[in-house]
Amino acid sequence: MDDDLIPSVFARDCASRGVLANVTGRWGALALAALHEGSFRFNALRRRVDGVSEKMLAQTLQALERDGLVRREVQATIPPRVEYSLTEFGARAAAKLVELIELVEGEIGTAREAQEAYDRVH
């Protein structure tokens, strides 16, 4: 395989870098983790991801859909009903994010102690 074709997030022009940025961005990670719990309609997802604006959530979901992580399903009802869920790729990525979230939540005491120690010195 040609070296130019090997994906590497460390390479400036590699497409994987943009996908990683969308997955690990503030709202992308939270949206994926929420969708790991199941399908959501837009407003329910916005309530689950506390603090995200409607505009930012819409942009985040569009980017994740474009990257193949999120599925947007429009149901032919009046009014139209739109649900968001994870693709297979999205489910695998979300599972890794949930592991990381659980690690961080479980070690928040350690992080707080480190922050306090750092703040005393600096």
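**Figure 1. The residues around the largest pocket.** Leu 30, Ala 33, Ala 34, Glu 37, Arg 48, Val 49, Asp 50, Val 98, Ile 101, Glu 102 and Glu 105 line the largest pocket of this predicted model. The volume of this pocket comes to about 210 Å³. Two helices, helix 2 (26-35) and helix 5 (88-106), each give at least two residues to the lining. Helix 5 provides the largest share, with four residues.

**Figure 2. Arg 48, one of the residues lining the largest pocket.** Arg 48 sits in helix 3, which covers residues 42-48. Is Arg 48 buried, partly exposed or exposed? Its relative accessibility is 45%, so Arg 48 counts as partly exposed. Leaving aside residues up to four places away in sequence, Arg 48 touches Ala 34, Glu 37 and Phe 40. Among these partners, Ala 34 and Glu 37 also belong to the lining of the largest pocket. For a sense of scale, follow the chain for 18 residues from Arg 48 to Arg 66: the C-alpha atoms of these two residues are separated by 22 Å.

**Figure 3. Helix 2 and its surroundings.** Here we stay with helix 2, one of the helices that supply the pocket lining. Which residues of helix 2 are buried? They are Trp 27, Gly 28, Ala 29, Ala 31, Leu 32, Ala 33, Ala 34 and Leu 35. Because eight of its ten residues are buried, helix 2 is largely enclosed by the rest of the structure. Of these buried residues, Ala 33 and Ala 34 can also be found in the lining of the largest pocket.

**Figure 4. Helix 2 against helix 4.** Two packed helices are described by the angle between their axes and the distance between the axes. For helix 2 and helix 4 (residues 54-66), the axes come within 10 Å and cross at roughly 75°. Helix 2 is therefore roughly perpendicular to helix 4. On the helix 2 side, Trp 27, Gly 28, Ala 31, Leu 32 and Leu 35 take part, meeting Met 56, Leu 57, Thr 60, Leu 61 and Leu 64 of helix 4. By class, the residues of this contact are eight nonpolar and two polar, with no charged ones.

**Figure 5. Helix 2 against helix 5.** How far apart are the axes of helix 2 and helix 5? They lie 9 Å apart, and the two helices pack at an angle of about 105°. This pair is therefore roughly perpendicular. Ala 29, Leu 32 and Ala 33 of helix 2 make the contact with Ala 94, Leu 97, Val 98 and Ile 101 of helix 5. The contact has seven nonpolar residues, with no polar and no charged ones.

Figure 6. Ser 85 has its place in strand 3, residues 81-86. With a relative accessible area of 14%, Ser 85 is buried. Residues up to four places away in sequence aside, Ser 85 touches Leu 35, Ser 39, Leu 69, Val 70 and Arg 71. One of these, Leu 35, is itself buried in helix 2. Also shown is Pro 79, in the loop between strand 2 (70-75) and strand 3. The peptide bond from Ile 78 to Pro 79 is cis, and its omega is near -5°.

Key. Residues numbered from 1 in each chain as written. Predicted model: local features only at pLDDT ≥ 70, side-chain atom pairs only at ≥ 80, totals over all residues. Heavy atoms only, no water. 1 Å grid on protein atoms, 1.4 Å probe; cavity = no way out; pocket = protein on both sides within 12 Å on 5 of 7 lines; lining within 4 Å. Points joined across faces, edges and corners; volume = space filled by probe spheres on them. Buried < 20%, exposed > 50% of the residue type's maximum accessible area, 1.4 Å probe, protein only. Axes fitted to C-alpha atoms, helices over the stretch in contact; angles between N-to-C directions. Parallel < 35°, antiparallel > 145°, perpendicular 65-115°, else oblique. Contact = heavy atoms within 4.5 Å. Nonpolar A, V, L, I, M, F, W, Y, C, P; charged D, E, K, R; others polar.
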